[in-house]
Number of protein chains: 2
Amino acid sequence: MVRHETAETRRAQLFQAALEVCAENGYHETTVDEIAARCGLSKGSLYYHFRSKEDLFLSALEAMVDQFASLLAQASERETASEALVHSTEFMIAQVEAHPKMGLATAEFYLLSLRRPEFRKRIKAYYDKLIEVGVQVVRRGIESGEFDPSLDSLVATRVLFLGCDGVALMQLVLNEPEHFSGVTRAFVARTVGSFLNKGNAK
Amino acid sequence: MVRHETAETRRAQLFQAALEVCAENGYHETTVDEIAARCGLSKGSLYYHFRSKEDLFLSALEAMVDQFASLLAQASERETASEALVHSTEFMIAQVEAHPKMGLATAEFYLLSLRRPEFRKRIKAYYDKLIEVGVQVVRRGIESGEFDPSLDSLVATRVLFLGCDGVALMQLVLNEPEHFSGVTRAFVARTVGSFLNKGNAK
DNA sequence: GTTATTATACCAACCAGTCAGTATTTTATT
DNA sequence: AATAAAATACTGACTGGTTGGTATAATAAC
C-alpha cells in the first residue's frame, strides 16, 4: 500500500498535479481520478484532503498566486523605475516561457472566474496584488521626476500589465514563440518609453 | 407542433442561441437541450440540423467571425492612418460593450482553441483577418510619412490589437465598466502615438 | 404519397462525490 | 521495549445525476 504522508505534503502534491492536468486538458475535462492517479493515490484520498474538486482548485490557485506575486515584487526591485518596469515584465514573460503550464492554468482560471464567484474573488485579489506592485514603481518614477507627473499611476500600470496579458494570451492561442518575446518587448519599450518625463528628465 | 422552417433559418436561430447560452453558462455547462429549447425546438431537431455539439459551435463561431471581420474592415476606412487605428479599436470596444455576450463567447472559443484543433484553425484564421486589416492601415501610414518608417507593421499591429484584447479580457474578469474605456483609450492613444513619425510629420 | 422537419423516448458513458472498511503511523501505557 | 489504543491516511466499489447522441414515430409541406 501507498506510504502515508503528512497532510501538507499530500496537499502540495495534489495541487501541483491539479495544475498540470488542468493545463493539459482544461478544467472541465480534468477528472479528480486523474489528479489522484498522478500522485499515485485513489480518488478517496483526494477527497480526504479536499472537500471538493472546486476546493482543490481554489487552493491550488491560491498557492500559485502567492508564489508568483512575491516573485514579481522581488523582480521589481531595481534602481530606476523604468528598469524596474521593464525587468518586471520581462520576468513575467520568462515565467510563462519557463512554465507554460502555469500560463495555461491561469487562462483556465480566468475563464472560470467569469461564472464562479469564489474563483472571481481570488483572481481579483491576484490582479490587485500584481497591479499594486506596478503602481508603486510608477509612483516612485513620478516622484523622482523620471516619469511624466501628469501620469495616472493606476491607469498607466493597467495599460502596461494588461497589454502584456493580452500578448501572452494570444501567444497561447497562436503558439508562435519566435514572435512572442519580440512583440512583448516592443510593447513594453514603447509603453514605458511613453511614461517618461520628456520635459525635464532627472 | 412547431412550424416548419427552412434549414437556413433554423441554423441561424440555433447558432444565435448557442452563442447566447454559451456566453451565459460557458461551453461545457451548455447543454444541447437548452440551446434547442431556446429556439422552441427539441434536441432531435437540433441533431437534424447539426452533426454534433461541436459542429454547431464551429458554425456559430464562423458566422460570428465573418460578421465581425467585415465590420472592422469598414471601421478602418478613415482619412489618416492614426484616425483609422483609433476608430477601429474604438469600434471594437463599442462592439464588446454593446454585445457583451459576444465577448464572453469569444473568450470561450479562445480557450477551447487551446485543445481542439478545429477551433484553433478558425480562431487563427479570425486573428489573421483582423490583424490583416490593421497591417494595411499601418503600411498606409508608413507610406504616407505619417508613421515612423522603421516600424514593423506586423509587430506594431499585434501590439495594438492584442493589447486591446488584454484590456478587454481583464475587463471581462474585473467587470469595472467605468475603467474599461478609459484604460483602453489611454492604451490606444499611447500606442498609436508611439507609431508617429516624430521627425517629419506630413 | 413522398420528403423534410420535428418530437419522444431511450441509451450508454461519464464523473463528482460517498462510505464502510483497511492500512499505517503515532501516542500512551505498562 | 513491547503492546494496546487512538489518530491519521488511504482504498475502491458504489450511487445518482447528467448529457451527448440515436432510433423511431409523428406531423407538416408540397
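The surface near DNA strand D draws at least two residues from each of H1 and helix H3 (43-49) of chain A and from each of helix H2 (32-38) and helix H3 (43-49) of chain B. Helices here are DSSP runs of H or I with at least four residues, numbered from the N terminus. H3(A) provides the largest share of this surface, four residues. A residue counts as near a strand if its C-beta atom, placed from the backbone, lies within 6 Å of it. Among the 24 residues around DNA strand D, those that come nearest are Ser42(A), Gly44(A), Thr31(B), Ser52(B) and Lys53(B).

This is a predicted model, in which local features need pLDDT of at least 70 and side-chain atom pairs count only at pLDDT 80 or more, while totals for chains, interfaces and linings use all residues. Residues are numbered from 1 along each chain as its sequence is written, and chains are lettered from A and ligands numbered from 1 in the order in which they are written.

The two protein chains also touch each other: 33 residues of chain A are in contact with 34 residues of chain B. Contact means that the C-beta atoms of two residues, placed from the backbone, lie within 7 Å. On the side of chain B that touches chain A, helix H6 (100-112), helix H7 (117-143), helix H8 (153-174) and helix H9 (177-195) of chain B each supply at least two residues. H8(B) gives the most, with 14 residues.

The table sorts two surfaces by residue class.

Chain B is superposed on chain A by a rotation of 180 degrees with 0.1 Å of shift along its axis, at an RMSD of 0.1 Å. The two copies are therefore related as by a two-fold rotation axis. The superposition is by least squares on the C-alpha atoms of residues with pLDDT of at least 70 in both copies. In chain B, the C-alpha of Gly166(B) is nearest the axis, 1.7 Å from it. Both copies use the same surface, as 97% of the contact residues of chain B recur in chain A.
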